[in-house]
Amino acid sequence: MSPAMVSFPPTREVRPALAEWIRQQRWFASSAETPVLTRIGMWSLVDHRHQVSLETHLILDESAAEPVLYQVPLSFRGSSLLGGDRALIEHVEHDGSHVWVYDAPHDPAFTRALLSLMLDDETEPGDAFDDTEVEGHHALTNSDVRVTDSHVLRGEQSNTSIVFDLVHPNGKPAPPVICKVFRTLSDGPNPDVVVQSALSDAGSRLVPRSIGFVTGAWNDPRVSDTTSPTGIGGRAAGHLAFAQEFIPEVEDAWRVALRCAETGESFQPLATALGEATAQVHSELARLFPVQPAGQAEIGTILASMRSRAAQAVAEYPALESERDAIERVFAAAAEAEWPTFQRIHGDYHLGQVLGVPGRGWVLLDFEGEPLRPLAERSEPDAPLRDVAGMLRSFDYVAGTLAAAQGADAVRAWAHEAREAFIDGYSSRSGIDLRAQRVLLDAFELDKALYEVSYEVRNRPDWVSIPANAIAHLAHRPR
Ligand SMILES: Nc1ncnc2c1ncn2[C@@H]1O[C@H](COP(=O)(O)OP(=O)(O)O)[C@@H](O)[C@H]1O
Ligand SMILES: O=P(O)(O)O[C@H]1O[C@H](CO)[C@@H](O[C@H]2O[C@H](CO)[C@@H](O)[C@H](O)[C@H]2O)[C@H](O)[C@H]1O
């Protein structure tokens, strides 16, 4: 280690300043006043200028019933990072030297090393302390580029995304790249990487091109270990980061839809095209991944999950108690319906997950699935109606957001028009008559609205009335 390299000794404890910082982050899921944090793993990157220690800590929070593992990239510097004040987590004197600790996605030493790990297919073996291994992989793209700048994307996100400006070796600008660092880790492949990369590698223009990804393996107390006497503390493996083509200066469909609803511009043709793009992606996914008939066991699993989400939503938002029976009637009707074939889907589909790209059309993002759903469940074949329902809920969110300013009737009419156009577009491209699947679609819409109640209670309590009003409507809709 050169004299300029600083860090702290590897311990299980999480320093108080870091714990407090973690508690304040958007991606930190627990609402507990005091997180219960333990460091269970750590992987390093090499700063080629040998000045910065780059450590990504794997930190388990046990403050909620289900422990959550967070990925926390940190950079340790012996002098302050120019322009890095807002990313500073801690500045202390340690063993006679000063240490500045930063949220590493804001530190160019980290971002460059992270991209190199992927583009150069590097491997970092696990160390003796906690044996976390990490490996970079590049996708089917030309990787001969150099980073000129990077910045963290701002906004309400579950993960942390870094945008890279790049040049070719001859100095000419190369297309920019966005790398998402997953903030929560679970054992198993992340559908965001697997599904989007499969579509991209098959040549689809309906998703951004995949550039590369990072995989890792770590010891995880949440994973069972059949060889250990206690049965806990097995080995976990999964995706840690995902890099893809960055499509700059475009709006997502949420912004486009909001603007149309506010100004009275028609969203109808765009909603039709969105329905068509959705059907196209579903058809490509059915070709690329296994499909399975909806058997009684699979249907039972989905209905059980819907009922458990309803119970969760009522527990978190007791005003829903009076709707319990009506909600159950919708699920009971779905149990009797005919279910279409299961396949891989988007999983958390809404207007914010789609970019409007001039000359290319709608481009779908973020195939990670719902962040509140266990990872293993998100990789199972599922009903494409779940995505259709997600998008229909999103039109209702546009209406709900604007109701106070525009009047409830006007925005309801806007959402109805968008909904019909989306269904028409989807049905015409897929050949599936969605209107004939009304009973099932109602159940998936209701299920999504119940998920949204939990999501809003935890993240945006001021918005909870949007899904709560929808539940009251969907549960009593004549059918
Ligand atoms: N390939 C991309 N090109 C342009 N913008 C992107 C791209 N990927 C993500 N974004 C932007 O980043 C936001 C968050 O990305 P997303 O994949 O939804 O992350 P998260 O999992 O953190 O929610 C998107 O809403 C979009 O605005
Ligand atoms: O984009 P994420 O994967 O983080 O998804 C989560 O956050 C979304 C909000 O940002 C949330 O979406 C809900 O709010 C949207 C408006 O902000 C609306 O368009 C969606 O229809 C609604 O579900 C999503 O549910 C959550 O998983």
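1. Start with a loop. Asp366 is found in the loop that runs between strand S16 (361–364) and helix H8 (375–378). The model is predicted, and this residue deserves a look in it. Asp366 has a positive phi of about 60°, although it is not a glycine. Most residues other than glycine have a negative phi. Is Asp366 buried or exposed? Asp366 counts as buried, because it has 21 C-beta neighbours inside 10 Å, and the cut-off for buried is 20 or more.

2. A second residue goes with it. Glu249 also has a positive phi, of about 55°, and is not a glycine. Glu249 sits in the loop between S13 and strand S14 (251–252). Its surroundings are another matter. Glu249 has 6 C-beta neighbours inside 10 Å and therefore counts as exposed; the cut-off for exposed is 12 or fewer.

3. Now the overall fold. The protein has 12 helices and 16 strands. Its C-alpha atoms fill a box of roughly 75 × 55 × 45 Å along the principal axes. The radius of gyration is 23 Å, which agrees with the value near 23 Å for a compact globule of 479 residues. Buried residues make up 41% of the 479. Among contacts with a separation of 6 or more, 68% join residues 24 or more positions apart.

4. Next, the domains. The assignment gives domain 1 (16–245) and domain 2 (251–476). How far apart do the C-alpha centres of the two domains lie? The distance is 30 Å. At the boundary, 18 residues of domain 1 are in contact with 23 residues of domain 2. The domain 1 side of this contact divides into 9 nonpolar, 7 polar and 2 charged residues.

5. Ligand 1 comes next. Its shell holds 19 residues. The closest are Gln157, Asn159, Pro208, Ile247 and Asp366. Which domains supply the shell? Domain 1 and domain 2 each give at least three residues. Strand S10 (173–181) and strand S13 (232–245) each supply at least two. By class, the shell has 7 nonpolar, 7 polar and 5 charged residues.

6. Ligand 2 has a shell of 15 residues. Ser158, His350, Arg393, Ser394 and Tyr397 are the closest. Helix H9 (385–406) and helix H11 (438–459) each supply at least two residues of this shell. Which element gives the most to it? H9 does, with 3 residues. The shell divides into 5 nonpolar, 4 polar and 6 charged residues.

7. Last, the record. In an unreviewed entry, UniProt lists residues 270–414 as "domain: Aminoglycoside phosphotransferase". In the model, this span is 59% helix and 6% strand. Its end C-alpha atoms lie 13 Å apart.

Technical notes: Residues are numbered from 1 along each chain as its sequence is written. Chains are lettered from A and ligands numbered from 1 in the order in which they are written. This is a predicted model: local features need pLDDT of at least 70, side-chain atom pairs count only at pLDDT 80 or more; totals for chains, interfaces and linings use all residues. Helices (H or I, at least four residues) and strands (E, at least two) are DSSP runs, numbered from the N terminus. The radius of gyration is taken over C-alpha atoms; the globule rule is 2.2 Å times the number of residues to the power 0.38. Two residues are in contact if their C-beta atoms, placed from the backbone, lie within 7 Å. A residue is near a molecule or strand if its C-beta atom, placed from the backbone, lies within 6 Å of it. Ala, Val, Leu, Ile, Met, Phe, Trp, Tyr, Cys and Pro count as nonpolar, Asp, Glu, Lys and Arg as charged, and the others, Gly among them, as polar. Domain bounds come from an automatic or database domain assignment. UniProt positions are given in the numbering used here, feature names are shortened, and annotations may be inferred rather than shown by experiment.
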